[in-house]
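Please keep the sequence and the structure in view while reading the points in turn.

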Amino acid sequence: MQRISYRLSGFRSTGRGLWFILTLLCLLLLFSVRSYADTVDLSVTYGYQNTAKAGRRLPLSIGIENHQESTFSGYIHVYMVESEDSVYEYRYQKIVEGGSSDTLNVTVSLSSGISQLLVTAEDREGHTLGSRRIGLDVAGSDAELIIGIISDHPEALSYLDNVGINNGILRTRSVILPVDDLPDSENELDQLDVLLISNFSMKRIRKNEAEVIAQWVRDGGILLLGTGARGEDALSPYYAGYLRNALQPTEMSLEMGNAYHENGDLEFLSLTASPVQIKGGQEVVLSDGVPIVSEISEGAGIVAISGYDFCDLTRFATDQSGYIDQLFSAVLGKTRLENLSITASERSLARYWNVQELMNLSDLRKVPKPLLYAVILAAYVLLIGPGLYFFMREREVLRMYRPGVLLVTALTIILVYVMGLGTRFMGPFLTCVRLKNISAESVDETDYLNLRSPYYRSYELPVKTEYDVYPILKGADFTGDIQGLLSMEENVSHTSIDNGREKKTITIQNAAPFAARYFELHNNMPNADGSFQSDIVFADGSVRGTLTNGTAYDLGDAALLIYGKVIRIGRLDAGASIDLGSCETINVPVGDSRKIAASVTSGGWQSFLRYYLMNSLNGYFSDARIVGCVREENPEKQPLDFTEQTDIDSYGFTMVVSSLPFSTRVGDVYSYSALSTDPQIQSGDYDATENTVASAWPATLEYHLGEGSDITTLTIESLSAEDAGEAKSIGSVRPFRGSMSFYNYTTGGFDIIDIGNGVLTRAQLNSYLDEDNILIVRYTSSEENTGIDERRYLPMLTVTARNTEEKPVEMIDAAELEASEYVGEGSVSEETEPGIG
């Protein structure tokens with residue numbers, strides 16, 4: 001019994017010893033794994049003040065600290081999860097010396113619903129040396145207007161932060177950009193809505209940084225420049241060319257609006273300022289009839305110049321925050337504010353569905369010929385039926401009939417298979433549309449791809465390194481563990497973008513056959529192939545001048561777009577010139593991208609043109625745009641600029657666009673559109689994006705005609721029934737038919753106006769314009785029993801004003817001129833002004 005007790009005691013002692021040893025081994029293993037994983041420490045900051053807006057590019061700053069003695073040479077990975085738990089990965093090569101740290105700045109595409117990122121560091125053998133999971137704050141940014149600030153005294157602009165605008169729907173958030181380390185890519189500015197530069201000399205911005213800002217504006221950004229006592233030093237050398245008159249800073253008593261007082265009294269402020277008039281621009285803020293803030297459209301964005309310095313408003317704007325709402329409402333306009341007030345998630349999803357619709361193109365080369373197959377089927381039936389039967393019966397070999405049928409069937413199957421080779425995809429293939437925006441100095445290329453494969457296996461596409469590659473994502477609500485998802489590699493769809501030094505590679509794994517993967521590629525390159533030349537004059541509703549295609553592209557269905565007008569050109573080969581006076585000019589509804597595109601062309605090219613109009617011309621624009629589809633004799637044999645791979649099956653087309661200045665000056669008068677500034681709504685239901693009203697009830701609009709007191713005529717152009725005939729197929733929108741009544745400042749009532757030939761003289765307008773040239777118009781539809789959802793296109797109002805004596809902009813030196821040539825397509829000469837509005 002005692003021996004048994006000793007044995008049991010020894011067993012317990014041995015068990016405890018084994019348990020101790022196993023526990024020690026596990027701790028040592030965990031310690032070794034942890035120390036291995038922590039050899040590279042990662043830290044990540046994103047966006048501005050760690051706030052991210054979905055549907056835009058998101059800049060990431062990844063800090064890498066190498067605790068090893070040896071050099072880290074491997075890859076930094078950024079993972080996110082898309083819909084259906086599909087993983088998207090960005091991969092970057094990186095080398096960090098042992099015992100040192102470095103920073104990697106990258107930009108990724110952020111779709112709606114993505115609330116986390118996973119960043120890892122791996123060596124070249126695939127071992128994970130460090131990882132960091134980042135939760136993204138995307139909800140709070142939906143209702144924000146993010147304002148980037150460049151200034152020597154950014155503290156004086158603190159009043160721009162946390163102010164409610166657009167009836168409180170948006171709140172401002174200001175972020176300070178370091179003046180000695182400005183972004184070197186427009187993608188890094190994509191999170192900003194507005195970039196404000198004030199109390200700062202523009203000469204301190206390097207040429208490449210100015211081009212980044214200019215490209216960001218053309219992509220849809222809002223640039224707001226303050227001048228004040230600095231005058232043109234705040235603009236030269238990049239933006240002084242916009243001015244019609246030289247800035248002359250003096251002490252001025254400025255009207256700052258009346259939005260701050262219950263009794264409606266105007267607020268006056270004494271500031272050092274200059275009147276601002278921009279060639280081809282519009283005046284958005286006036287003081288006693290003098291323009292203080294003016295702006296011009298640049299691509300899809302705006303450049304606005306203020307005659308005063310925003311740093312001089314610190315005390316006033318801090319006390320009167322309503323001024324910020326009034327300023328941005330004037331500069332951005334109602335349409336842009338409403339678009340910015342839409343949630344970022346909605347914008348992201350809308351972009352995805354628009355691209356999906358755009359990429360649903362049919363490759364007609366792959367479509368089988370039904371008639372040919374029907375003929376073969378009929379021949380087969382006749383051959384195995386009476387044909388083969390009677391043939392063998394006459395030769396008394398009917399015993400061979402069944403083998404003969406089998407032989408004919410086999411031969412027919414082979415024939416059908418061979419005929420179908422041209423309709424099959426034998427490997428990865430892509431659909432792409434290419435947009436080339438051509439200026440005299442550069443070609444800005446954007447490519448939209450749909451990359452697919454007919455097989456359930458990995459495939460890749462090499463892309464030239466000079467192209468930026470971003471996926472176009474629908475969004476997701478994934479809240480799980482990304483690392484856990486990556487461990488299920490065989491079952492998870494995985495898309496990788498390898499940003500190598502020699503090339504970039506798109507790799508897709510475990511995607512279902514024919515599953516769509518959308519990508520956007522972008523590249524801005526010097527123009528070595530020529531551009532368009534023109535001497536366009538647009539006046540009295542007609543276009544004159546010559547347009548020459550100096551590019552290397554033969555264009556089909558070419559057209560010239562001017563706000564509210566389409567000039568149909570048709571075919572325009574490389575090197576050819578055309579007299580624009582001989583081309584057909586039609587009135588089109590402003591903002592109706594579907595109608596405008598349909599008036600130019602048809603088919604898939606029409607869908608792409610409509611997409612371009614929605615994203616790049618969704619408001620007033622003061623230049624002319626030439627658009628055209630590249631005519632390719634053998635599109636299947638055309639090389640793809642963005643890849644060296646030549647054997648991939650591809651289908652698509654290329655659209656060429658270019659911005660052209662034009663003059664509206666005839667003698668000593670010039671004209672501009674009254675719609676260059678959104679009318680203010682006094683009553684009714686008005687949509688400024690399409691210039692339409694609900695026809696069920698009257699609408700009263702207040703037009704700010706601007707341009708001092710030298711207005712000579714007002715032209716009223718309505719869409720004819722023939723021009724808008726196709727509009728009936730686009731919902732219930734048709735041209736306005738009814739009466740126009742002008743408010744009479746003398747009698748205090750509305751007078752019905754007989755517009756006659758559509759032109760009203762100054763004498764006819766005297767009673768209807770106040771001292772600030774404000775015209776109030778009431779539209780009353782003559783159609784009865786119209787539905788509440790039926791809308792009508794309003795007429796276009798064009799103002800003709802007499803030219804005032806202008807002082808020339810002071811000359812800048814040759815170096816400044818050279819630096820300013822590439823920035824902003826609105827930097828034009830006095831002789832070739834864009835449309836004035």
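1. Two strands pair if DSSP finds at least two bridges between them. Helices (H or I, at least four residues) and strands (E, at least two) are DSSP runs, numbered from the N terminus.

2. The model is predicted: local features need pLDDT of at least 70, side-chain atom pairs count only at pLDDT 80 or more, and totals for chains, interfaces and linings use all residues. Residues are numbered from 1 along each chain as its sequence is written, and side-chain values use heavy atoms, with hydrogens and water left out.

3. An open sheet is formed by seven strands, in the order S7-S6-S3-S4-S22-S23-S20, with mixed pairing. Strand S7 (128-135) and strand S20 (459-464) stand at the edges with a single partner strand each, so one side of each has no neighbour in the sheet. From one strand to the next, the twist averages 20 degrees (axes are lines fitted to C-alpha atoms, for helices over the stretch in contact, and angles run from 0 to 180 degrees between N-to-C directions).

4. Within this sheet, strand S3 (residues 72-82) pairs with strand S6 (residues 116-123) in the antiparallel sense, over six bridges. Val78 stands opposite Val119 in S6.

5. The whole structure contains zero disulfides, a disulfide being a pair of cysteine sulfur atoms within 2.5 Å. Cys311 counts as buried at 9% relative accessibility, and Cys583 counts as buried at 12%. Buried means under 20% relative accessible area, exposed over 50%, and partly exposed in between (1.4 Å probe, protein chains only).

6. Rings of Phe, Tyr and Trp (its six-membered ring) pair if their centres lie within 6.5 Å; planes under 30 degrees apart count as stacked, over 60 as edge-to-face and the rest as tilted. The whole structure holds 17 aromatic pairs. One of them is edge-to-face and joins Tyr563 and Tyr620, at 4.9 Å centre to centre and 75 degrees between the planes. Tyr563 lies in the loop between strand S29 (555-562) and strand S30 (565-572), and Tyr620 in the loop between helix H10 (604-616) and strand S33 (624-630), so the pair ties together parts 57 residues apart in sequence.

7. Tyr563 also forms an edge-to-face pair with Phe621, at 5.8 Å centre to centre and 90 degrees between the planes. Both Tyr563 and Phe621 are buried.

8. A charge sits over a ring if NZ of Lys or CZ of Arg is within 6 Å of the ring centre and within 35 degrees of the ring normal. Arg778 lies over the face of Phe750, 4.0 Å from the ring centre.
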